[in-house]
Amino acid sequence: MDEMATKPQDDDPVAARRESSATGWLLLYSVAMFTLPFAAFYGTRYALAHFLHVDGFPNTVGSVVAAVLVVNVIIFLYALRGYEDAKDDDDRKPEQQESNDEVEDETKKSK
């Protein structure tokens with residue numbers, strides 16, 4: 001009986017929506033991880049060359065540093081999102097446990 005209380009049902013719309021949301025966020029962060037560092041690299045390279053007139057090795061170093069910073073920001077945001085989701089799940093568990101206890105009490109009373 002405890003297994004049924006802890007496992008989400010296949011037809012549970014909330015669980016399906018949560019899984020769909022998680023997949024959507026993963027897709028968004030994956031696309032960001034692929035595209036934004038390139039944009040930062042070439043954008044910084046262009047800005048350094050055309051506006052600040054920095055060429056050669058310093059231009060490359062500045063561009064790489066910008067791309068690495070963008071990657072680190074994306075990873076931080078992904079980890080923060082996962083932490084917040086886990087915290088939300090932990091906050092919901094006591095409410096679900098209370099409702100499961102009420103169902104078990106009603107079942108015991110009816111027997």
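This is a predicted model: local features need pLDDT of at least 70, side-chain atom pairs count only at pLDDT 80 or more; totals for chains, interfaces and linings use all residues.
Asn59 lies in helix α3. With residues up to four places away in sequence left out, the residues touched by Asn59 are Arg45, Leu48, Ala49 and Val54. The relative accessibility of Asn59 is 4%. Because buried means under 20% relative accessible area, Asn59 counts as buried.

A second residue, His53, is found in the loop between α2 (13-50) and α3 (57-110). The phi angle of His53 is near 55°, which is a positive value in a residue other than glycine. Most residues other than glycine have a negative phi. His53 has a relative accessibility of 62%. Exposed means over 50%, so His53 counts as exposed.

For the protein as a whole, three helices and zero strands were assigned. The order of these elements along the sequence is α-α-α. The accessible surface amounts to about 9000 Å². Carbon and sulfur atoms account for 63% of that surface. Contacts were also examined by separation in sequence. Of the contacts between residues at least 6 apart in sequence, 60% connect residues that are at least 24 apart.

Conventions:
Residues are numbered from 1 along each chain as its sequence is written. Side-chain values use heavy atoms; hydrogens and water are left out. Helices (H or I, at least four residues) and strands (E, at least two) are DSSP runs, numbered from the N terminus. Contact means heavy atoms within 4.5 Å. Accessible areas come from the Shrake-Rupley method with a 1.4 Å probe; for residues, only the protein chains shown count as cover. Buried means under 20% relative accessible area, exposed over 50%, partly exposed in between (1.4 Å probe, protein chains only).
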